[in-house]
Amino acid sequence: MTAPADLTPLAEAVECEFMHSYESQAPGPTYTDLGIATTRIGGGVALAMRNDPSGGYWSKALGFGTTEPFTVQILDRVLDFYREQGVDQAVLQLVPSVLPAGFDEVAAARGLEPGSTWVKLAGRPGDVAGAQTRLRVGPVPADEARRWADVLLAGFGMPSGGLTEMLAATVGQPAWRPYAAWNDGELVAGGNLFLHREAASLNAAATASAHRGLGAQSALIAARARAAAEAGCRWLFAETGKPAPGQQNPSLNNMRRAGLVPLYERRNWVWRATA
């Protein structure tokens with residue numbers, strides 16, 4: 001892969017925007033019921049979901065340090081936002097290269113704890129390898145949007161309900177390209193694609209447990225890469241968890257097999273409200 005000197009700003013921007021889109025564009029009743037609030041701070045976004053049924057995944061802040069420096073003052077504004085929104089915890093996804101000097105001490109003083117590490121990957125859409133599967137793969141039709149959303153949520157151990165409505169709302173939206181795989185007419189796997197200027201992002205991929213091992217995710221990566229190329233995107237990004245030593249992450253394996261290349265690792269910093 002021939003890449004510019006630094007793809008980090010583009011990689012962070014597209015993830016920042018797709019997370020903001022998921023939550024800010026949730027249908028009105030769902031937005032209210034989940035207690036969603038969003039704001040833009042210091043070139044990044046802070047997203048709060050006060051009534052998050054997943055246990056905290058959807059309250060996160062990211063995208064900092066790419067258009068302006070990430071400072072202690074910006075960090076404090078982000079944490080103030082979460083206090084104002086009354087969330088129990090939030091995750092700050094911070095690229096190591098943007099952290100101010102002495103950040104470990106700054107974080108500790110504010111109750112931030114280092115959490116899991118994610119791997120950011122990139123590739124050219126046209127370079128993504130094709131994949132064979134007997135499953136049928138294609139865009140998600142409107143009448144199966146909720147089934148598709150529930151398959152994704154189940155794959156991540158999240159409950160259906162308000163989150164179903166939030167994810168399903170991306171079907172038919174101009175910046176989104178939701179894809180699914182069907183086994184004998186049953187929707188059994190899915191993944192989403194977000195388009196942002198010259199970048200596209202693979203996200204929200206999962207397969208129903210009884211239908212794994214059939215090549216659904218590799219085929220969905222290839223299908224979404226073709227969609228990104230057709231939309232004129234020059235770069236395709238994705239992120240997934242870094243496996244612990246001696247363990248494997250099938251999602252990471254699928255992405256690397258398809259031709260995506262790791263760019264950098266990023267730490268998740270966890271903030272929890274104090275009584």
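**Salt bridges, burial and cores**

Analyst: Gladly! Let us begin with a charged pair: Glu186 and Arg147 form a salt bridge, with their closest N and O atoms 3.4 Å apart. The two sit in distant parts of the chain, Glu186 in strand β8 (residues 186-196) and Arg147 in helix α5 (residues 145-155), 39 residues apart. Please keep in mind that this is a predicted model.

User: Why is the pair of Glu186 and Arg147 called a salt bridge?

Analyst: The cut-off is a side-chain nitrogen of Lys or Arg within 4 Å of a carboxyl oxygen of Asp or Glu. For Glu186 and Arg147 the closest N and O atoms are 3.4 Å apart, so the pair meets the 4 Å limit.

User: What makes Glu186 and Arg147 buried, exposed or partly exposed?

Analyst: Buried means under 20% relative accessible area and exposed means over 50%. Glu186 has 38% relative accessibility, so it counts as partly exposed. Arg147 has a relative accessible area of 36%, so Arg147 is partly exposed too.

User: What makes Arg83 and Asp80 a salt bridge, and where do they lie?

Analyst: Their side chains meet at 2.9 Å, N to O, which is within the 4 Å limit. Both residues belong to helix α3 (residues 72-85), where they are three residues apart, about one turn of the helix. Arg83 is partly exposed because its relative accessibility is 46%, and Asp80 is partly exposed because its value is 37%.

User: How do you know that Lys242 and Glu265 form a salt bridge?

Analyst: Their closest N and O atoms are 3.1 Å apart, again within 4 Å. This pair also links distant parts of the chain: Lys242 is in the loop between β10 (235-241) and α8 (250-258), while Glu265 is in strand β11 (residues 261-272), 23 residues apart. Elsewhere, salt bridges that share partners join Glu12, Glu15, Lys120, Glu239 and Arg266 into one network.

User: How many salt bridges does the structure hold?

Analyst: The structure holds 12 salt bridges.

User: Which residues of α5 are buried, and what covers them?

Analyst: Ala145, Trp148, Ala149, Val151, Leu152 and Leu153 are buried in α5. What covers the buried residues of this helix includes α6, β7, β8 and β9 (199-207). Just after α5 comes Gly157, with a positive phi of about 70 degrees.

User: What makes a group of residues a nonpolar core, and how many residues has the largest one?

Analyst: The name needs buried residues of kinds such as Ala, Val, Leu, Phe, Trp and Tyr, joined through side-chain atoms within 4.5 Å. The largest nonpolar core has 66 residues, and those with the most contacts inside it are Trp58, Val78, Tyr82, Leu92, Trp148, Leu167 and Phe237. Helix α1 (residues 8-24) gives the largest share of this core, seven residues. There is also a second, separate core of 26 residues, including Leu193, Leu195, Leu202 and Ala228.

User: Which residues is Phe237 in contact with?

Analyst: Leaving aside neighbours within four places in sequence, the contacts of Phe237 include Leu7, Leu10, Val14, Leu121, Ala199, Leu202 and Leu263.

How values were computed: Residues are numbered from 1 along each chain as its sequence is written. This is a predicted model: local features need pLDDT of at least 70, side-chain atom pairs count only at pLDDT 80 or more; totals for chains, interfaces and linings use all residues. Side-chain values use heavy atoms; hydrogens and water are left out. Buried means under 20% relative accessible area, exposed over 50%, partly exposed in between (1.4 Å probe, protein chains only). Helices (H or I, at least four residues) and strands (E, at least two) are DSSP runs, numbered from the N terminus. Contact means heavy atoms within 4.5 Å.
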